[in-house]
Amino acid sequence: MRHNRAPLFETILNHAKNRVVSFHTPGHKNGRGVDRRLRSFTGRNLYYMDVTVFPEVDSLHDPVGPIKKAQQLMAMAYGVEHSFFLVNGSSVGNMSMLMSACRPGDSVIISRNAHKSTMAGVILSGVWPIWIQPKVDQNLDILFDSSPEQIEEALRLFPEAKAVFVTSPTYNGVAADLVKIKEICRARGKILLVDEAHGPHLKFHKDLPVSAVEAGADMCVQSTHKILSALSQGSVLHLQSDLIDVARVRKVVSMLQTTSPNYLILSSLDAARRSGGVGRGTVVGTGDPKR
Ligand SMILES: Cc1ncc(COP(=O)(O)O)c(C=O)c1O
């Protein structure tokens with residue numbers, strides 16, 4: 001498979017170009033029913049790309065065609081075992097990570113500055129959070145995430161914790177020492193989950209901090225739409241773990257996502273990998289670009 005291909009985007013584009021008459025949802029029927037001012041501003045093509053699930057365009061919940069290939073290409077680009085396309089941002093990714101890696105009653109070490117979707121994940125998964133109070137720089141008005149020392153101490157006090165959940169980079173752009181944190185987790189058999197919503201680009205430049213997948217995180221979530229070129233809501237969940245069951249991740253992600261995914265968002269994830277800096281030039285297929 002080549003990174004200059006975008007199997008899902010190309011499928012949707014070809015379908016749209018064929019101007020197929022719609023007898024399916026969405027109800028706007030290729031834009032015919034859309035408000036006139038909106039349609040005249042955006043043009044008609046957009047609506048021909050806004051399709052529903054049928055064999056030609058594949059299903060996000062049971063991918064066997066272009067969505068499967070696009071996800072495989074994404075996984076190759078990041079060097080992970082599995083990548084899952086998300087259409088409700090990293091928010092649904094954070095919930096999925098906690099719900100698939102943990103069982104109700106498990107405890108998880110989490111920094112108190114985690115995004116609200118992580119709190120939602122804590123509630124939905126039924127885990128016990130063990131909070132780490134992050135360092136605050138009052139002068140710069142910046143929050144840091146958990147340091148390796150704080151995590152080590154938390155694991156000493158709560159050795160039963162199943163996982164460590166880290167946000168890196170933070171909203172302020174502060175990256176955690178994920179290599180050290182992974183060493184700590186590996187030595188104790190703990191799962192490392194990383195909210196990398198603000199870091200989908202990190203893997204692809206040697207001068208940037210080490211990314212979650214390079215550090216060996218078991219799972220991480222990235223907002224491709226925040227930093228790279230996917231449309232809003234387009235995010236990706238990566239999995240590379242001996243400690244987490246891929247079938248469970250697949251089920252949880254499917255359970256939390258809409259059955260009417262927006263194919264423009266999905267296509268934009270595929271296109272972002274091809275041209276938005278994820279799959280370009282020396283970035284992909286060169287092994288570790290940081291070395
Ligand atoms: C650290 C962090 N994690 C997760 C999210 C949620 O990401 P999304 O907007 O893609 O759902 C945000 C959003 O701002 C965030 O700042």
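Leaving aside its neighbours within four places in sequence, with which residues is Leu-264 in contact?

1. Leu-264 is in contact with Leu-46, Met-49 and Leu-231, once its neighbours within four places in sequence are left aside, where contact means heavy atoms within 4.5 Å. This residue is found in helix α12, and helices here are DSSP runs of H or I with at least four residues, numbered from the N terminus. Leu-264 counts as buried because its relative accessible area is 16%, and buried means under 20% relative accessible area, computed with a 1.4 Å probe on protein chains only.

2. Before going further, please keep in mind that this is a predicted model, in which local features need pLDDT of at least 70 and side-chain atom pairs count only at pLDDT 80 or more, whereas totals for chains, interfaces and linings use all residues. Residues are numbered from 1 along each chain as its sequence is written, and side-chain values use heavy atoms, with hydrogens and water left out.

3. Ser-268 also has its place in helix α12, which covers residues 263-275, and it is buried, with a relative accessible area of 10%. Not counting residues up to four places away in sequence, Ser-268 touches Ala-230 and Leu-231, and its side chain reaches the backbone oxygen of Ile-265 at 2.8 Å.

4. Helix α12 also meets helix α4 (residues 66-78), and the axes of the two come within 10 Å and cross at roughly 35°; such axes are lines fitted to C-alpha atoms, for helices over the stretch in contact, and angles run from 0 to 180 degrees between N-to-C directions. On the side of α4 the contact is made by Ile-67, Ala-70, Leu-73, Met-74 and Ala-77, and on the side of α12 by Tyr-263, Leu-266, Leu-269, Asp-270 and Arg-273. These residues divide into 8 nonpolar, no polar and 2 charged, where Ala, Val, Leu, Ile, Met, Phe, Trp, Tyr, Cys and Pro count as nonpolar, Asp, Glu, Lys and Arg as charged, and the others, Gly among them, as polar.

5. A second pair to inspect is helix α7 (residues 148-157) with helix α8 (residues 178-188), which pack at an angle of about 20° with their axes 9 Å apart. That angle makes α7 roughly parallel to α8, a term used for angles under 35 degrees. The contact is made by Pro-148, Glu-149, Ile-151, Glu-152 and Leu-155 of α7, together with Lys-180, Ile-181, Ile-184 and Arg-188 of α8. By class, this contact has 5 nonpolar, no polar and 4 charged residues.

Terms used:
Buried means under 20% relative accessible area, exposed over 50%, partly exposed in between (1.4 Å probe, protein chains only). A polar contact is a pair of N or O atoms within 3.5 Å; within protein, one must be able to donate a hydrogen and the other to accept it, and residues adjacent in sequence count only if both atoms are side-chain atoms. Angles under 35 degrees count as roughly parallel, over 145 as roughly antiparallel, 65 to 115 as roughly perpendicular and the rest as oblique.
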